[in-house]
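Please look over the model shown here. The report picks out some local features and places them along the chain.

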Amino acid sequence: MTCFDTADGTVLPVIGTKELIASMPVHLGLGPGDLVVYPELAYPTYEVGAALAGARALARDSLTSLGPERPALLWLNSPSNPTGRVLPPEHLKKVVDWCRERGTILVSDECYLECAWEDRPVSVLHPKVSGGSAEGILAVHSLSKRSNLAGYRCGFVAGDTALIGELLAVRKNLGLMLPGPQQVAMKAALDDDAHALEQHARYAARRAKLRDALLGAGFTIEHSEASLYLWATRDEDCWETVSWLAERGVLVAPGAFYGRAGGRHVRVAFTATDERVDAAVARLA
C-alpha cells in the first residue's frame, strides 16, 4: 500500500528533504498573496518555507475550516512528525479531490512512510488515493529515516511531471543538484531492503521499551502508530513534563515546538542508541 509507479520525469533527487521543504514555495513561484496551509501539529519547516516566500501561512487540519479560501499549496504529513498519526486512504483521497477542485498544489511529506508500527501508511500517489494520476500532487521522501543516511543528505520528490519540471528548472540554476556519489549511494540503499528491515526491527525494539517505560511512569501515549517518536502526555503543561524528565536525565522535545495544540505533550524520540534507550528506561522505572 505504500508503493507507487514512477516514470521518467516524475522523480527528482534532492539534497535532503529539509532543504526541499523550506525552499518549495519559493521554487514553485509562490509569494505575497498566496496561502500555504499545513497541519496544526507540524514540522516547523513548513511555516518557514511560507515565510521565505513571503506567503501567508495557516495551520489547519480541517479543510472545511478554510471556507472559500483557495490555498496555493497544502502540506500533508502522514505519518506525522511529531504525533506519529497515520491518515487513512479515504481521508487522503478526500484531500486530493479537494485540492484538485481548487487548483491547490498538494505536497505530501512521507519521510516516515516506512517507519510504521501499528498501521500501514499509504502514499498520496497510490492509485487508490490519487485515482492513478499524479496531477497536482508531489510526495517527498527521505533516506534519513528508512536507511539512517541523515549525513548523506539524500532524498527525492516524486509526482506531477509539470511540477517536477518546474522544480528542476529552478534548482539546477541555483546549483542544487544532488552530487553523483550521493545519487549512487541512494540507489544502492533503495535497491536493498535487508538493511531497512534490520533498522526497522531495531527501532521497533527501542520503541517497545520506551513505550512500556512511559506507560509505567504514568504517561498516556497518543497516536504514535508510525514515525520515530512517541507522542506522550501527563496532562500538564509540556514544559513541566520536560522539566520532570530532565531531572531524571531524559531529554525530550516540548510539544509546543510543533504548534499550540501540542502544549500538553512531549515528543519522545527512539533514535538514540540501545544503551541510551536502556538508560532512559531505567531512569523512568
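## Basis

This is a predicted model, in which local features need pLDDT of at least 70 and side-chain atom pairs count only at pLDDT 80 or more, while totals for chains, interfaces and linings use all residues. Residues are numbered from 1 along each chain as its sequence is written, and side-chain values use heavy atoms, with hydrogens and water left out.

## Helices α1 and α2

Helix α1 spans residues 17-27. Helix α2 covers residues 45-53. Helices and strands here are DSSP runs numbered from the N terminus (H or I, at least four residues, for helices; E, at least two, for strands). Two packed helices are described by the angle between their axes and the distance between the axes. For α1 and α2 the angle is about 35° and the axes are 7 Å apart. Axes are lines fitted to C-alpha atoms, for helices over the stretch in contact, and angles run from 0 to 180 degrees between N-to-C directions. The crossing is right-handed; that is, the near helix is turned clockwise from the far one by less than a right angle.

The α1 side of the contact consists of Lys18, Ile21, Ala22, Pro25 and Val26. These meet Thr45, Tyr46, Gly49, Ala50, Leu52 and Ala53 in α2. Contact means heavy atoms within 4.5 Å. Helix α1 is largely enclosed by the rest of the structure, because eight of its 11 residues are buried. Buried means under 20% relative accessible area, exposed over 50%, and partly exposed in between (1.4 Å probe, protein chains only). Among the buried residues of α1 are Leu20, Ile21, Met24 and His27. Just after α1, Gly29 takes a positive phi of about 85°.

## A nonpolar surface patch

Val26, Val48 and Leu52 form a nonpolar patch on the surface. Together they have about 260 Å² of accessible area. Areas come from the Shrake-Rupley method with a 1.4 Å probe; for residues, only the protein chains shown count as cover. Patches are made of residues with over 30% relative accessible area and no salt bridge, with like charges joined within 9 Å and nonpolar side chains (Val, Leu, Ile, Met, Phe, Trp, Tyr) within 5 Å. Leu52 lies in α2. Its relative accessible area is 58%, so Leu52 is exposed.

## Salt bridges

Side chains of opposite charge can pair when their charged atoms come close. The whole structure has 14 salt bridges. Each is a side-chain nitrogen of Lys or Arg within 4 Å of a carboxyl oxygen of Asp or Glu. Glu69 pairs with Arg56, with the closest N and O atoms 3.0 Å apart. This pair links distant parts of the chain: Arg56 is in strand β3 (56-59), Glu69 in the loop between β3 and β4 (73-77), 13 residues apart. Glu69 is partly exposed at 26%, and Arg56 is partly exposed at 43%.

Lys209 forms a salt bridge with Asp278, and their closest N and O atoms are 2.9 Å apart. Lys209 sits in helix α8 (residues 194-216) and Asp278 in helix α10 (residues 274-284), 69 residues apart. Lys209 has 37% relative accessibility and counts as partly exposed. Asp278 is partly exposed too, at 35%. Arg248 pairs with Glu247 at 3.7 Å between the closest N and O atoms. Arg248 is partly exposed at 31%, whereas Glu247 is exposed at 65%. Salt bridges that share partners also join Glu114, Arg146 and Asp193 into one network.

## A buried arginine

Arg207 is in helix α8. With 8% relative accessibility, Arg207 counts as buried. Leaving aside neighbours within four places in sequence, Arg207 is in contact with Trp117, Glu118, Ser224, Glu225, Leu230 and Phe270.

Most residues other than glycine have a negative phi, and most peptide bonds are trans. The peptide bond from Ser78 to Pro79 is cis, with omega near 0°. Another cis bond joins Asn81 and Pro82, with omega about 25°. Pro79 is in the loop between β4 and α3 (89-102), and Pro82 lies in the loop between β4 and α3.

Asn148 has a positive phi near 60°. Asn148 belongs to the loop between α5 (143-146) and β7 (155-159), and is partly exposed at 45%. Arg153 has a positive phi near 55°. Arg153 is placed in the loop between α5 and β7, and is partly exposed at 33%.
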